[in-house]
Amino acid sequence: MSDLPRKAITRTAKLAALPLGFAGRATWGLGKRIGGRPAEIVAREMQQRTAEQMFKVLGELKGGAMKLGQAMSVFESALPEEIAKPYRAALTKLQEAAPPMPTGTVHAALEERLGPEWQELFLEFEDKPAAAASIGQVHRAVWHDGRQVAVKVQYPGAGQALLSDLSQLSRFARVLGPLVPGMDIKPLIAELRDRVAEELDYELEAESQRAHVTEYAEDTEIVVPEVVHQGDQVLITEWLEGIPLSEVIADGRPEERDRAGQLLARFLFSGASRTGLLHADPHPGNFRLLTGDAPDGPPEQWKLGVLDFGSVDRLPGGLPEPIGIALRMALEGDAAGVYDLMRGEGFVKPTIELDPEALLEFLLPMLEPAQVEAFHFERQWIRGQAARMADRGSPVYELGNQLNLPPAYLLIHRVTLSTIGVLCQLGATVRLRDELEAWVTGFAAEAEEADETAEADETDGEAEGAEGSDDAEVPAERVAEDAETSA
């Protein structure tokens with residue numbers, strides 16, 4: 001395997017091979033059908049070849065190409081099975097690994113970033129990478145104090161490669177459509193490009209991870225590994241042993257799927273509330289199910305390990321309160337309230353007029369997981385939602401095209417959809433409403449109002465008791481007012 005290809009012309013040529021290759025295979029398939037082979041078998045072979053080429057090109061290029069592949073991979077559950085199946089294995093590989101950098105390149109990068117004596121910092125260092133991602137790869141090692149650590153090394157030229165890839169992929173977005181039918185790729189690419197600088201800054205990543213470590217240090221369900229050392233383009237954190245979420249998706253037992261799904265939903269909603277940061281890269285490669293001393297259960301003892309804080313959305317007040325209020329009003333059937341709120345937040349532009357009842361009918365099927373005590377996420381459900389939205393002849397499609405996604409909600413929207421995609425890949429049964437009530441401001445308004453009423457009643461009772469007592473303490477403000485009146 002050669003070094004990360006850095007020349008724009010080289011990378012562009014490889015990316016261009018994706019749509020050209022697809023066109024070539026279509027011609028090949030037509031020839032096979034004319035030759036008498038069944039169309040279904042030919043189509044399946046074409047899709048498998050396309051999936052293999054997609055993994056090969058996106059994986060080898062890493063950079064923005066692989067990042068797009070990883071982002072796309074969490075949406076495969078929304079595609080029809082006959083389309084999704086050939087891509088699933090290839091895209092799953094992008095969630096966990098990619099072709100590695102040569103050992104010599106890794107050593108040279110560590111020498112440049114940690115100093116010529118870098119090897120003395122470790123008692124052990126495994127040259128074979130444990131994982132390879134879009135802008136860096138991870139090596140397992142033992143730090144000089146004996147701790148098991150993960151050493152993330154950024155690919156040389158990763159920044160240039162990211163920008164180059166995403167620019168080129170944006171130009172190819174229309175012809176890339178057939179590779180993953182049903183997905184609007186261009187907005188996804190634009191959003192990934194907007195976050196390039198943060199992804200490349202390991203100092204920012206370390207700060208975000210430390211914030212989560214501090215907040216979840218005593219948590220019994222979510223585990224975030226501590227930052228051991230952060231340098232220029234090198235990040236060293238404690239090693240986290242566990243079952244990769246991609247393995248749970250592929251082979252997990254029902255109880256593993258349900259527990260992982262519940263904790264993933266809990267982390268999605270609690271993270272923003274507790275840290276002011278939303279983990280914005282929810283593909284399965286960034287999560288581990290930690291079964292610890294209880295691999296056979298009970299599931300309540302299993303934890304979720306969370307990795308990679310390079311991409312976050314900064315939400316100092318947690319998820320915006322209008323999200324919780326809109327969800328609650330929609331579930332209560334308040335069409336006018338939902339419409340007014342969405343218009344106020346910019347989801348409905350001032351120049352657009354919609355029927356509030358039609359808008360509510362558009363939203364409610366997607367909110368089904370929040371309408372019940374526990375919801376079973378499955379590919380069939382999300383495919384039904386995708387098909388409903390993609391039917392160009394339906395009023396749903398027309399209404400959806402009239403809605404606007406305000407910039408402040410763009411990343412929240414993608415992270416939420418991605419997480420739902422992973423839950424459907426898991427096939428998990430999740431008590432989503434519990435998490436919404438616990439962490440999303442505005443959703444559990446009834447409970448909040450009840451608490452406020454109880455507090456008010458308690459305060460009134462104390463006040464009445466005070467008025468009825470000769471020895472009641474008089475507030476300082478009353479004393480001042482009485483003195484002023486006497487004067």
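Reader: How are α9 and α11 oriented to each other, roughly parallel or roughly perpendicular?
Author: In this predicted model, helix α9 (residues 202-216) packs against α11 at an angle of about 95 degrees, with the two axes 10 Å apart. Since angles of 65 to 115 degrees count as such, α9 and α11 are therefore roughly perpendicular to each other.

Reader: Which residues make that contact?
Author: From α9 the contact takes Ala211, His212, Glu215 and Tyr216, and from α11 it takes Phe267, Ser270, Gly271, Arg274 and Thr275. By type, the residues of the contact of α9 with α11 divide into 3 nonpolar, 4 polar and 2 charged.

Reader: And what about α11 with α18, at what angle do they cross?
Author: Helix α11 (residues 254-275) and helix α18 (residues 407-426) have axes that come within 9 Å and cross at roughly 170 degrees. That makes α11 roughly antiparallel to α18. On the α11 side the contact is made by Arg257, Ala260, Gly261, Leu264 and Leu268, while α18 contributes Val415, Thr419, Val422, Leu423, Gln425 and Leu426.

Reader: How many of the residues in the contact of α11 with α18 are nonpolar?
Author: The residues of the contact of α11 with α18 divide into 7 nonpolar, 3 polar and 1 charged.

Reader: What span does α18 have from its first C-alpha to its last?
Author: Helix α18 has 20 residues and reaches 30 Å between those two atoms, which is close to the 28 Å expected at 1.5 Å a residue. Just after α18, Gly427 takes a positive phi of about 65 degrees.

Reader: Switching to strands, what is the order in the open sheet of 4 strands?
Author: The order is β5-β11-β10-β8, and the pairing in this open sheet is mixed. Strands β5 (222-223) and β8 stand at the edges, each with a single partner strand, so one side of each is left without a neighbour in the sheet.

Reader: Which strands run parallel, and which antiparallel?
Author: Strands β5 and β11 run parallel and are joined by 2 bridges, with Leu304 in β11 as the bridge partner of Ile222. Strand β10 runs antiparallel to strand β11 (residues 303-306), with 4 bridges between them, and Leu290 stands opposite Lys303 in β11. Strand β8 (residues 243-244) is also antiparallel to β10, through 2 bridges, and there Ile243 stands opposite Leu289 in β10.

Reader: Are the faces of β10 covered or open, and which residues lie on each side?
Author: Both faces of strand β10 (residues 287-290) are covered, with Phe287 and Leu289 buried on one side and Arg288 and Leu290 buried on the other. In a regular strand the side chains alternate between the two faces of the sheet.

Reader: Now Val312: where is it found, and is it buried or exposed?
Author: Val312 is found in strand β12 (residues 312-314). With a relative accessible area of 1%, against a cut-off of under 20%, Val312 is buried.

Reader: What is Val312 in contact with, leaving aside its neighbours within four places in sequence?
Author: With those set aside, Val312 is in contact with Arg195, Glu198, Ser208, Leu277, Leu278, His279, Ala280 and Leu411. The C-alpha atoms of Val312 and Glu205 are separated by 8.5 Å, although these residues lie 107 residues apart along the chain.

Reader: Finally, the whole chain: how many helices and strands, and what percentage is buried?
Author: The protein chain has 21 helices and 14 strands, and 47% of its 487 residues count as buried. Among contacts in the protein chain with a separation of 6 or more, 70% come from residues 24 or more positions apart.

Key. Residues numbered from 1 in each chain as written. Predicted model: local features only at pLDDT ≥ 70, side-chain atom pairs only at ≥ 80, totals over all residues. Heavy atoms only, no water. Buried < 20%, exposed > 50% of the residue type's maximum accessible area, 1.4 Å probe, protein only. Pairing = 2+ DSSP bridges. Axes fitted to C-alpha atoms, helices over the stretch in contact; angles between N-to-C directions. Parallel < 35°, antiparallel > 145°, perpendicular 65-115°, else oblique. Contact = heavy atoms within 4.5 Å. Nonpolar A, V, L, I, M, F, W, Y, C, P; charged D, E, K, R; others polar. Expected span 1.5 Å × (residues − 1).
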